[in-house]
Amino acid sequence: MIIFANLGCVGRTGFVDVKNINKAGDETGDAYERGDDDGQGDPLTTCSTECVSVDPCLIGYCDGGTCAYLPSGEGVRCDDQLFCNGEDACDGMGVCANHEGVPCSVPDVCNELDDACSLDTDPPVLLSFVLAEGATYTTALYNSVALSGYDSGTPITQFCIHLDDNTPPTPSDACWRDVRENPPGLAVSQSFVMGPEDGFYLRLGMLPAAFVAYAWLQDSAGNLSVMSNSGVGTLNVDRYQLEYVPGTPPTLSNILVTGVDAPNNPPTLSQRSIPMAADVFVKWSAIDSEGLSPAPISLWYTTDDQTYVLIASDLVDGANTGCTVNHPATTADDNATGCYRWVSGSPTDGFYRLRIGAKDTDEMMTMVISTPVNAPQINLLAGNTYPGTDGSARAAAFLPRVGASDDGRSGDHGSFVVLPSGRIFFRDVVRGILEVDPVTGVQSVFIPTTGISTGDGGPIRDATLRLPARMALDADYHLLILDVDRIRQVDLDSRTIDTLIGGGSDTGDTVPNARDVQLQFVVSTGYLISDKFSFFGAPNGDVYFASEQEELNARMRVYRAATGVVESIHFAGTGDHDNPSQDISLCGLRHFGAAFDPISHAMIYAQIAIVNLPDFAGCDAGQSSTYSSLDPITMTALGPHPDEFDFSRMDPAVIGLDGQLYRFHVGLGSAGIYRFDIGTATWTLLVGSDATDPIQGVCPDGTIATSCAINAHDVFVDAQSQVYFMDNGVVRTIDASGAVRTLFGQSRFYGDGGHPLDARFNDIVGIGFCPNDRYVIFDRSEYRFREVMRDISIFTIAGNGSASAPQMGVDATETSLESFASWINNEQFVVDPVTCDVYHSNSGSGHGEEIARLDRTVGQWVFLAGGGATDYVSGDGSPGSQLFFTFAPQPIAFNGSQILAALTKWNDTLDGNDAFLKLYSLTDGTQSHLAGVVGATTGFCADGTATASCSVCAATNCTYAFSTYDENGGAPRWLVFTYGSRIIRTFDEGGTVQALANLPSGARSFAHRHSADSTTNLVYYCRATDGHLYAYDLNTSTNTALPWPITAMACVGRSLIYDDSRQSLVFSYAHLGLTGVAEYLLP
């Protein structure tokens, strides 16, 4: 019982205050005296006056002749004499402490002096504003924001930051950010404090500059803070100055690793063969525009191209002990800036290579690898195949999962995410999940892909991935990874990982425990087939995903964050953009998209891509792809339905962290990024060369986004509607002026004008031989022909990176180039080994399908054949200008006066393709017949069949590899081979078709070495299963594996060149996910 102090007796004798009470303070019908020990009490007879409380929260009584007081009941009305805290009530403890709250509605505020509600006109006041935790200089593009202020009237609900613009924003300005949005995810209050720990970052301009940032606050009444100091602002209060100097990473080149201090130029094989425990001499050229650090060089070695062991660090960029930077006895090191002698350091007699790192004054690091040591058979000619791990991301490669077989039309969505801090995570097809630190700019492996999922429940440093397919962020900025049969969640604060969904066997529509769900995806050729389905985190914490890859009757799964239950969404209803009566459940369904309210987090719009495939009965055959809008609650079709792109069934949906719906389109020569307007059901181009038909290609930094040709394979949009996109392996964004800028990544056409070993390549389909140790390389995914001059330089000779037919008669490096088409890719080419002219097929350059010649004397494409009216099937004897081709011809071989091309034509009667091998003269393109008949498409004729009547495989069914012409001691013949097969066939004009060789296994490419007397008759081939080189002796039918010292290296592409002058094989190779050109020196 609470005892209150005696306040004295007042009132009449024998009366209590208002009510009679007993000892327990309960109301009774009689008055009792306080203090009886029997608990019954006696009638009050001792107080001479009535005990009255002036406070309704207290009840008076007489205690031994003295008035005392107990609390009245909770909820008894009282008045604390304050208006602005609302109606008052007692708290049951004797205090008027319970209040109903401010009696005024926003935007009114409470006026205590007048006891009235009035409109709030007082603006918020900023107290502090700091960027980058108080730094004045930064190399980081993203910098933390600390902001504080107060409002005397209504709560602060929004803040706004301008760069280099102190013009006060309007209440509806796009700069305003709700404090409740994450980040910072704060509660509204009259006192506002946001610190670096709240995770809101300001992105500076893309170019180096001294930036001035200005901040404002807005309250719930719509009042805006006023810029202090007469609108100029006050430093650290509402204005902050920060200089951004992004810097550039060092450039490392001319790496020499030999066993002598003065090697030949180029080093001999013996100089590149270093016995175990022998001295190793390392030389390099390191330059940096900002300056190298005082001891910038570090060296490592590897024997497996996976694990690197430190040799030395903190070396000077100069002569370290025991070596000469620029030795007078050789020209090989004329460009060197530093050297190191690794005394008795050679770790093995077998293969190894070195990794060299250089660091500048901004702590930016560049990494490169050397040519192989103790691999005497292999001589690297072109290509930097080290992706740049642990070095600057600006000079590193990002390797998306984009297959040339489908022209990347499915994109690689879900491959990267960007945190508010600017930290980037990217799913690399070779290495695993990569991380880019926004401060240091270093690219590193976050979680490696090893083929096994491990580490759940522990730190990410102990985790591995089986085969990561997609990534997303959830509402709390946890990283979600679709890893074959499970979705794993990474807490990026604690850096721990665990399975969130999947790993179980339950396929039901509702699964109470998310870890019991079975995810049923197919792994094919190293990729997880999941391209057609959406995967994203919703702003309310839910996760949307697919658990199987079926398109018919496809269901969307939803993990409910509030309960941990997985539910299913089935799409139904009638109507899409092309057919208002279409039952959408009878069609294939892909790429579910949605939009959300950023504050309530409710789904406010939904959309699905509709596709008809031949086995979808009941789906309108006339609509190959379209869209249907959906009721966001019932998921039934509900118009108006949006228009589709040219190939919408391949256009992935992107749900931005701003709640809006985006899609991107790539393939068949066009590419663009679009935002969906729910109100008008229309798409707005955000990035692309043209609003109606954006071409697939490249554009330089600084190009306005809506005039920029791109090759985007993934898109990410942050909570502030900032668009990021993966542009053919380079991370790009849009700056404040609307221009495209590159954040990270080195393009895979980098290196023109430099040393061939410093250049990047993407997807080398083949190589052609030219005089004087020159090679023509076709990089089909970069839409470029490039020429390598051995040990000297590399440069582009045709193509500007755009995917469309080139213009005739203009500089070939300033016009586009086509390598992919709707049915037959334009990937084959041949090179005249005397003139170095290139013959390639094109589409739509004014002549329809055609064969064009790159005239190296003028550097322009000129027309050879195609564009006429005569069907080539019946056009033998006609000059090239009169011929008409249905599909792009495929040049596959060259004999000095003619080109051999594989051709295909659609046959309506047979519902298939006719296939032929035709010859074209170099003078006027006159066509002559070699082989092929109407109605044969899938294979070749039997051995012994007359060449002219031999059926051949259509290019829609077989991929022709680079073939050749064999003089054969005066009995010339064409040797024809298809990629992946085992049989090399001879086509003798006027003779028969025979099998030259039936190789022991499938091959990617071949070369024939045949002496005039046939004493030497060898087929060299790149075996498809392991990517190693083999020699098959046609005279003895023996097969020999050529020594292959570098296990991480594989021959690829469709060409293999035998160089008789050097007794070597020239081939394209893959290494660590990148490609290059190498030479194999034969014994």
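## Close-up views of charged pairs and nonpolar cores

**View 1. Arg423 is a buried partner in a salt bridge**. Arg423 counts as buried because its relative accessibility is 18%; buried means under 20% relative accessible area, exposed means over 50%, and partly exposed lies in between, with a 1.4 Å probe and protein chains only. The model shown here is predicted, so local features need pLDDT of at least 70 and side-chain atom pairs count only at pLDDT 80 or more, while totals for chains, interfaces and linings use all residues. Residues are numbered from 1 along each chain as its sequence is written, and side-chain values use heavy atoms, leaving out hydrogens and water. Asp437 is the salt-bridge partner of Arg423, with the closest N and O atoms 3.6 Å apart. Asp437 sits in the loop between β29 (432-436) and β30 (443-448), and Arg423 in the loop between β27 (416-418) and β28 (424-428), so this pair links distant parts of the chain, 14 residues apart. Strands here are DSSP runs of E, at least two residues long, numbered from the N terminus. Asp437 counts as partly exposed, at 22% relative accessibility.

**View 2. Asp428 and Arg431 form a salt bridge**. A salt bridge is a side-chain nitrogen of Lys or Arg within 4 Å of a carboxyl oxygen of Asp or Glu. By this rule the count comes to 41 salt bridges. Between Asp428 and Arg431, the closest N and O atoms are 2.9 Å apart. Buried or exposed? Asp428 is buried at 1% relative accessibility, and Arg431 is buried with a relative accessible area of 11%.

**View 3. Lys905 pairs with Asp871**. Their closest N and O atoms are 2.2 Å apart. Lys905 belongs to strand β64 (residues 898-907) and Asp871 to strand β61 (residues 870-871), so the pair ties together parts 34 residues apart in sequence. Lys905 counts as partly exposed at 21% relative accessibility, and Asp871 counts as partly exposed at 21%. Elsewhere, salt bridges that share partners join Arg423, Glu435, Asp437 and Arg495 into one network.

**View 4. Leu147 and Leu479 belong to the largest nonpolar core**. A nonpolar core is a set of buried Ala, Val, Leu, Ile, Met, Phe, Trp, Tyr and Cys residues joined through side-chain atoms within 4.5 Å. Leaving aside neighbours within four places in sequence, Leu479 is in contact (heavy atoms within 4.5 Å) with residues including Val417, Phe425, Phe446 and Met471. Apart from this core lies another, of 35 residues, among them Tyr627, Ala637, Ile655 and Tyr674.

Methods:
Helix = DSSP H or I, 4+ residues; strand = E, 2+ residues; numbered from the N terminus.
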